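Work through the exercises below with the sequence and the model open side by side. Try each task before reading its solution.

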Amino acid sequence: MNGHEIAHYDALAQRISQAATFLFGDRAMAHAIREKCRDYQRQCNDIVSSRGIAWLTVAIVGAKGQGKSWIARQFVIDPAVRGRLSSGVLSREATTKLHWIGPNRPESLDDQREVFHYCDRGQLLDLGQPYLLIDTPGITDADQRAAQVAKETLSLAPVKLLVMRRDQMRSAINSQISAWIEGSVCVPVLSCVPIQEFNAQSNAVSSESLRSDITQLLDSLRASAPQSKLLEPVLIPDFEATGDEVRAGADFTATLKSRLQNESLEELAMTRANRLSALTHRLQHEVGRLVESETPQLAEAVRRMHEETDRLPGQVVESLLGATVVLETAVRGRLRAQMISDTSPLWFPYRTVISVLGFTQGAWDRVVLALSGSVPSLFGALATWARNVQKSREISTEMQTGIRDRLKSRIEDRLTPINRQFYVALSRLQTGDAADPTKTPTPNVRLGGIEELQGQSVNLFESAIAASATNRIGLQCAGMLATAMFWGMLSGPIVSVYRQYFEASRSALTAAQAHFDEFPHPSGSLLATSIFLSLLPMLIFAMIFMTWTLRRSRIQRISRRILAEHHTLIGKLKSEGVLKLYFEDPKLEQAEFLLRLDRMSRVDRGQPS
Amino acid sequence: MDTSDPLEQLIRLLKNADGTLPFGWKQSPQREPVSGWQLLEGVRVARENSNVDANKTWRSEFENLHQQLRTLDTTAQSPIVAITGLLNAGKSSLLAGFLSDAGRQRVLIGSANDQGTHRFVLWLPASWRKSSEAWNAAMQQLVAVFGCEPESLSDDITIAREQYNGRSFLPKSTTDSSTIDPRSIPLIATDEKLDRLGIGLLDCPDIQTGMFPSDLQDQPRSATTDTFAERSMHVAQQRAAMLIKASHLCSAFLAVVASNSLHEEKFNELLESLRTNMPGVRRIVIVNRVPRRYTSTEIADEVQSTYQSIGFDRSYMAYNFQGPLDREKIPLPPDADGQADWSNLPVFFQIAPPPVPQPPAPIEPDHYLLNLGKHLDRGRLVAECRSALAQRLASQLQKGMEQLYAELQNRKDRLKRVFQLMADASFEFSRGPKSGESNETSLRLHASREIVQQISKSLEKTAPWWARPSRFIVRLIHDSKDAMVNAAAKITPLHWLGQKSAAVVDAIQGQFRRGEVGRVVNNLALADFLKQFDYENDLADWSQSDSTKDVERRCQRIIDRFQSESRTRLNDAELDGYTAKIWAGMTWQQRLWTGVVPATLVFAPLLAVLALPFDFGGSSVLVLASMKELLFAGLAGVGAALLGGDNMPKLAEDEAAWQQLNDLFAITCDEFGIPRPSENEFPTISTLNHRRAIRSAHVAEARQPENAMLPLPIELNADFKRRFAQAHKLWMESIKS
């Protein structure tokens with residue numbers, strides 16, 4: 001479990017340091033980032049493994065000279081161990097190493113920096129459960145090594161006693177330490193409280209200003225470490241003024257016990273996740289900020305790249321669909337096709353006529369002339385037919401793949417200059433010189449979700465067409481009307497021919513002599529004329545009906561709707577993270593990753609980014 | 001030590017006061033002389049505490065230091081000693097010890113947040129108020145350091161304490177509370193007991209107090225201060241920076257530390273920065289609240305071993321005065337007047353240099369801190385302060401000169417980068433679409449009015465007889481030569497052309513707008529292109545909206561001037577051949593179809609180009625289009641393919657386009673107020689296949705150097721450099737002496 005957990009945090013640290021090395025090579029910033037990552041790994045390791053101690057650990061932390069070691073002594077009953085925990089104003093009394101006190105020796109103890117004092121459980125203050133105590137050097141110790149030990153071990157224990165003197169409550173360092181120990185259970189301990197302000201026996205704050213200072217202190221500790229669990233502060237009176245150090249110690253331990261006894265082991269164990277997450281956020285924040293503030297040009301380039309890709313899909317759809325000629329032609333074509341297919345084949349020859357009219361849009365005059373037998377018009381109509389078929393195929397391809405193709409070409413067009421800006425900034429960081437803009441690689445950026453956008457766009461188009469398709473009953477009525485019109489007009493010649501035919505047949509069967517001439521033999525031109533005459537009203541009806549059905553206002557309304565729906569679709573795909581920029585250029589990807597860190601940590605913490 | 005003469009000489013040289021020896025000359029047609037002082041205007045020099053006072057310029061800092069030095073030179077010897085130290089180390093208690101009972105009442109003492117000293121308070125001997133010289137000197141010094149007149153500490157105890165704690169009672173108009181933090185206004189007070197001491201005491205705020213949660217909304221968030229903890233630390237750093245600024249006032253420092261903070265890094269930092277900023281000015285380490293279990297010798301040894309590396313003049317200590325144990329260790333004060341109540345004040349006595357007394361053994365009266373005055377020679381204190389200021393001034397001057405010489409090179413480099421970015425940006429938007437396999441980029445022609453007119457004239461000239469009616473349009477385009485608005489008025493109601501023709505113009509305009517044909521660049525787009533290539537904010541600070549707006553305005557002027565001044569034309573003979581081919585290429589059917597419409601189709605893109613500015617609110621725009629786009633663009637869109645462009649005669653439009661690029665580049669230089677580059681400075685445009693330098697333009701230079709967007713290059717005056725070095729040497733010698 002532990003190994004698995006550590007591997008997870010190691011992976012993040014490694015990813016960050018690899019990105020830093022990859023981008024900044026041997027520059028100071030890469031070193032600084034790698035250092036932060038190493039710190040982070042070590043602290044995660046400390047939190048996860050707890051140095052092999054299964055028990056609770058309580059650490060006493062704070063600035064220099066606040067009385068930490070005095071507090072540590074109050075936990076210990078064994079006088080020998082107490083004697084080894086010195087405190088005072090002289091350098092020989094100062095705590096410069098980490099002191100572990102308890103019945104269990106921690107693993108991998110570094111003798112240079114740490115000391116272990118064995119102390120039986122019975123010789124330690126009873127907190128209701130076994131524990132180890134850690135006394136740390138002052139974080140603001142002028143001795144850099146001691147301060148370093150203090151800072152590096154802040155992650156060790158789940159419970160921290162944050163010690164400060166009453167007169168140091170407004171020091172900025174308290175907020176800083178509080179931020180460093182975020183995620184822990186934190187008990188503020190105020191030492192050297194003047195006896196005028198605090199009555200130790202009754203454990204009561206008697207001064208209004210102290211009460212308000214405590215409120216301010218707790219507010220600022222909370223503001224700097226929202227993930228910590230902050231307990232009520234414990235106050236220690238200025239025993240130099242009272243002259244009764246023993247009493248002060250006894251009062252302190254009693255109060256502390258009451259504060260801690262409500263904390264269950266399970267709850268304390270839960271601080272581990274909080275501490276790890278606080279640590280991770282801090283690393284992300286610090287690295288992100290560092291990269292952003294040290295490399296503003298790089299940050300700007302990546303930001304612009306995001307901005308552009310944010311805008312691109314919208315603009316492409318706009319340019320594709322916004323070209324009203326294309327969209328309207330497409331809509332008209334689809335509506336026409338729908339109209340033809342929805343008209344029942346029963347309505348012959350009306351359905352044939354509207355099919356022909358559909359394909360000869362723009363050349364109806366020639367169709368009419370061709371019907372009258374004009375050969376050049378026939379050719380003209382056929383040419384228009386061919387052109388319309390070609391055009392509708394093009395438009396359909398445009399609708400099918402247009403967004404995808406145009407986006408691809410636009411991405412390259414738009415991102416090339418920004419990409420150049422990125423490489424110039426990067427080269428300046430790495431070598432101190434601007435790169436030759438002509439030698440920058442072409443942007444290798446992929447916009448994910450284009451296929452999805454294209455697919456959904458086609459669906460959108462189809463469903464918009466389906467939703468606004470002409471009413472089927474209306475179509476059948478029109479078909480019936482037109483067909484009736486045609487057959488009504490053609491029935492005269494047909495009936496007369498059939499009548500003549502039947503009469504001739506009857507006489508041929510009944511009469512002794514049959515005359516072949518009695519059978520009807522209408523001339524071709526008569527038939528053609530009849531058909532032409534019957535067809536013409538239907539043709540005119542069909543033209544009017546088609547023109548009315550596919551009227552401009554309707555086409556425009558549908559086009560506008562399609563456009564609006566596309567914008568909604570793009571917004572949705574972006575917010576769902578489907579339409580997203582992928583940097584396939586490793587350098588860009590790494591820079592983007594580093595710069596995103598701070599934003600990620602803010603989003604995780606629910607802060608505005 | 002008399003520093004004034006060589007220093008004044010140096011300053012006169014720097015300012016070119018007699019007008020004969022400028023630092024150099026601005027590269028402008030008139031070769032305008034400039035002084036170093038002028039060049040240093042607005043220059044910021046990196047400071048030790050870079051996060052604070054970043055807005056302070058080199059000149060204001062130099063002037064402040066100079067002013068302080070002059071004040072010290074011209075006034076009586078009235079030294080000021082700073083009482084500084086860590087949070088609640090007992091600075092105000094120490095001060096109170098020096099004051100009369102009345103004065104002591106006005107000092108805010110205590111460890112609570114509402115008892116903190118958050119303003120600088122200058123306590124002066126009462127006699128100084130009577131001597132206008134000493135008083136004025138102190139006031140001038142305060143103004144020089146804090147940048148504002150001090151506020152008087154009220155005689156009313158309650159008000160005085162509130163003032164101490166950070167409130168200002170000055171009328172709102174003088175403080176303008178929205179902009180000035182009352183904590184940055186110093187307080188001034190006098191006390192007759194200080195007369196005995198003969199020095200002024202500056203009570204300083206601590207350098208550790210962070211931010212109170214209630215201040216959260218007042219503190220701006222910046223790139224470096226984001227979390228509450230970071231911002232709190234930032235506040236503490238600001239206080240430290242303020243202290244360093246105030247240190248320039250002082251002739252000695254009493255650095256107070258509570259015994260438990262003897263090894264606190266902040267105290268080390270404080271002493272270090274006092275040493276760096278006021279070198280040679282004495283520092284006195286004062287240890288307060290020593291627990292009585294320690295002997296004075298232990299403390300003396302501790303102070304000696306801890307701070308000898310930083311260096312201090314002498315050291316004092318006081319035992320913690322509270323508590324019943326070992327009270328005999330608390331010495332009695334040398335209470336000459338016997339009035340003061342010392343039960344609540346620390347009594348400091350000297351522990352370095354030796355001997356180190358251990359109460360209850362008697363202490364020499366002179367070894368009490370209260371008698372510090374006896375150890376301080378006022379003349380020497382002022383001299384030390386003057387020397388420290390002179391050294392700071394010298395270092396400031398050196399920084400300034402380094403900055404000046406660096407500035408010469410910076411300006412040259414920056415101009416070079418600006419030339420390059422202008423060339424790259426113009427090239428970028430003039431670039432035509434890549435032509436297939438060759439991958440060669442061609443330039444698009446700027447459809448300037450000159451070019452559109454030339455094409456329309458040529459079309460008219462080569463028009464066959466059947467196109468006569470449509471030549472009317474050509475005349476329209478002619479008319480537009482002088483007044484675009486008139487042209488539009490005539491173009492829009494082209495009713496006689498029929499709706500179809502108007503729709504064609506519309507459609508083509510739409511194609512231009514959407515960038516499907518050619519490219520339309522208005523002033524905003526032009527500014528955006530410049531921004532794209534301005535990797536280092538050389539041309540403008542793009543993060544500032546004012547600066548961006550300025551660039552946009554200039555871009556509009558560039559476009560206007562280009563439209564009216566660019567005289568670049570295509571080769572007439574070639575163009576005529578080209579247009580003749582267009583007419584000839586029309587089929588008979590097209591010619592006869594509706595008579596006038598085919599001609600409209602030919603002219604539609606030209607009309608569209610002329611009408612485009614009206615889509616952009618009437619401001620002129622750059623329209624970039626190849627001849628092919630300009631003449632055939634609209635036709636495919638309306639479904640009437642006239643002819644393929646491939647069999648058209650060759651037209652040297654590329655050359656014309658390059659010349660237009662040169663013109664545009666030159667106008668851009670003019671409008672940004674920078675000189676056009678000389679022959680050997682022309683920037684080169686590199687494409688994948690070839691490099692080509694910008695060449696001279698065919699547009700007359702019309703530059704306003706005073707409107708320069710960026711600083712112009714300077715030619716250094718070698719005489720100045722020599723004379724200045726001599727004067728500087730003289731001054732340095734006078735400081736050392």
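Predicted model: local features only at pLDDT ≥ 70, side-chain atom pairs only at ≥ 80, totals over all residues.

**Exercise 1. Overall form of chain A**

Task: Find how the radius of gyration of chain A stands against that of a compact globule of 609 residues.

Solution: Start with the reference value: a compact globule of 609 residues would have a radius of gyration near 25 Å. Next take the value for chain A, which is 44 Å. Then look at the C-alpha trace, which spans about 155 × 60 × 45 Å along the principal axes of chain A. Finally, count the elements: chain A has 20 helices and 12 strands.

**Exercise 2. Burial and contacts in each chain**

Task: State what share of the residues is buried in chain A and in chain B, and what share of the contacts joins residues at least 24 apart in chain A and in chain B.

Solution: Take burial to begin with. In chain A, 39% of the 609 residues are buried; in chain B, 43% of the 737 residues are. Now consider contacts between residues at least 6 apart in sequence. Of these, 76% in chain A join residues at least 24 apart, and in chain B the figure is 79%. To complete the account of chain B, note its 26 helices and 17 strands.

**Exercise 3. Strand β10 of chain A**

Task: Work out which residues of β10(A) point one way and which the other, and how β6(A) is joined to the strand.

Solution: Strand β10(A) covers residues 234-237. V234(A) and I236(A) point one way, while L235(A) and P237(A) point the other way. All four are buried. For the pairing, strand β6(A), residues 185-193, runs parallel to β10(A) and is joined to it by three bridges. Within this pair, P237(A) has V193(A) opposite it.

**Exercise 4. A kinked helix**

Task: Locate the kink in helix α17(A) and list buried residues of the helix.

Solution: Helix α17(A) covers residues 472-510 and has a kink of about 45 degrees at S491(A). Buried residues in the helix include L475(A), A478(A), G479(A), A482(A) and F486(A). As background for reading such a list, residues three or four places apart in an α-helix point the same way, because there are 3.6 residues a turn.

**Exercise 5. A sheet and a leucine in chain B**

Task: Give the strand order of the open sheet of three strands in chain B, then explain why L575(B) counts as buried.

Solution: The order is β12-β14-β13, with antiparallel pairing. The edge strands are β12(B) and β13(B), each pairing on one side only. Three bridges join β13(B) to β14(B), and V521(B) has L622(B) as its bridge partner in β14(B).

Turn now to L575(B), which lies in helix α21(B), residues 572-585. The cut-off for burial is 20 or more other C-beta atoms within 10 Å. L575(B) has 25, so the residue is buried.

Conventions:
Residues numbered from 1 in each chain as written. Chains lettered and ligands numbered in written order. Buried ≥ 20, exposed ≤ 12 C-beta atoms within 10 Å, placed from the backbone. Helix = DSSP H or I, 4+ residues; strand = E, 2+ residues; numbered from the N terminus. Pairing = 2+ DSSP bridges. Bend = angle between axes of the 7 residues up to and from the residue. Contact = placed C-beta atoms within 7 Å. Rg over C-alpha atoms; globule rule 2.2 N^0.38 Å.
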